[in-house]
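Thanks for coming. I will take a few minutes on side-chain packing and then stop.

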Amino acid sequence: MTVHTMATPRPAPAPATTARRTLMSLLPRVEERLHTFLSGEYERWHGLDPRSSVPVDAIADLVGAGGKRMRPAFCLSGYLAAGGDPEDGRVIPVAAALELLHACALIHDDVMDESAVRRGSPTVHTSQAALHRERGWQGTAERFGENVAILAGDLALVYSDEIMAEVEPAVAAEWHLLRSELIIGQYMDVAASVEFEPDPETSRWIAIAKSGRYTIHRPLVLGAAVAGRADAAPAFEEYGAALGEAFQLRDDLLDAFGDSEVTGKPSGLDFEQHKMTLLMALAIQRNAHIRELVPAQLRGADHLRRLLIETGVRDDVEKHIDGLVERACRAIAEAPLEPEWREELAAMAHEVAYRSA
């Protein structure tokens with residue numbers, strides 16, 4: 001396997017120690033809530049019929065495999081930065097629901113992208129298709145695997161809503177908007193991949209809608225809403241829009257140039273799936289020959305990576321990420337928050353934008 005080394009990430013500012021410690025003290029409570037909820041669901045359904053717990057198992061395996069927990073972290077940060085009491089547990093279910101929504105998105109995304117690996121393990125549809133073949137069941141193994149994955153993803157969505165039913169209406173309204181943005185953004189991503197027209201502005205909007213808002217902006221606002229601080233929403237929106245775009249651009253670069261052993265998923269999937277990412281849109285505008293290399297076979301993918309470097313697109317995207325991080329940090333520097341949380345969110349911006357996985 002060819003390893004396409006990423007540029008060395010820029011050093012992040014030193015985190016605000018007190019704020020980070022408080023945040024880290026709450027994350028285990030989110031993990032406990034997820035574990036307790038999913039264990040209860042497993043016992044409930046497995047007791048009726050062992051087969052009926054398969055979708056629950058699929059969700060639990062994905063959640064238990066780790067991940068960055070970025071959405072819960074930003075939700076908790078929004079709550080704490082807005083003055084929320086760390087001893088008050090009202091924000092915990094919101095953070096847990098975000099992780100279950102993320103599980104739904106990942107399981108469905110893997111089906112749409114025909115991805116075989118997620119977090120270093122077989123994806124739900126891949127593992128279920130393998131089980132079908134192993135046991136010699138009727139029908140098509142691939143279709144069975146996809147059916148199970150769709151149902152498991154739907155169940156994760158149902159579970160996220162069940163947990164969110166505990167919150168007050170003001171928080172629920174933001175939650176509904178977050179979910180619809182995610183799904184519409186995913187649809188636009190699918191549509192843009194088949195149309196395959198280089199439109200950087202559309203690609204940028206897709207990146208923000210399907211990823212940035214639901215990863216950073218909305219979780220922050222959800223946390224602030226639990227704390228009763230609607231006035232923090234404008235600053236969080238500006239910060240989240242900029243950092244969300246930087247987050248997705250880093251994902252694009254990791255897909256193109258990252259090491260799959262580090263990222264935990266195959267590289268080059270965006271090429272294979274004709275994804276009209278901002279990286280791809282800029283590249284085609286600069287060199288029309290790039291369009292001919294998609295869908296990319298192995299040799300075409302390597303040539304495409306070289307062109308992304310030789311045409312300067314990769315460097316330009318890195319510079320654009322730098323500008324987005326600066327914009328996010330400016331937005332949070334002026335937010336009505338305690339100084340230590342402005343520093344902490346600036347540190348988180350660097351960690352998100354310059355991550356290696």
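This is a predicted model: local features need pLDDT of at least 70, side-chain atom pairs count only at pLDDT 80 or more; totals for chains, interfaces and linings use all residues.

Residues are numbered from 1 along each chain as its sequence is written, and side-chain values use heavy atoms, with hydrogens and water left out.

The whole structure has 2 aromatic pairs. Rings of Phe, Tyr and Trp (its six-membered ring) pair if their centres lie within 6.5 Å; planes under 30 degrees apart are stacked, over 60 edge-to-face, and the rest tilted. Phe37 and Tyr159 are edge-to-face, 4.9 Å centre to centre with 80° between the planes. Phe37 is buried at 13% relative accessible area, and Tyr159 is buried at 2%. Buried means under 20%, exposed over 50%, partly exposed in between, with a 1.4 Å probe and protein chains only. The other pair, Trp137 and Phe144, is also edge-to-face, at 5.5 Å and 75°. Here Trp137 is partly exposed at 37%, as is Phe144 at 26%.

Now, which side chains make polar contacts with that of Asp189? Lys210 does, at 3.1 Å, and Lys275 does, at 3.3 Å. A polar contact is a pair of N or O atoms within 3.5 Å; within protein, one must be able to donate a hydrogen and the other to accept it, and residues adjacent in sequence count only if both atoms are side-chain atoms. Asp189 is buried, at 7%.

Last, the charges. Arg71 lies over the face of Tyr214, 4.8 Å from the ring centre, and Arg314 over that of Phe257, at 4.1 Å. The criterion is NZ of Lys or CZ of Arg within 6 Å of the ring centre and within 35 degrees of the ring normal.
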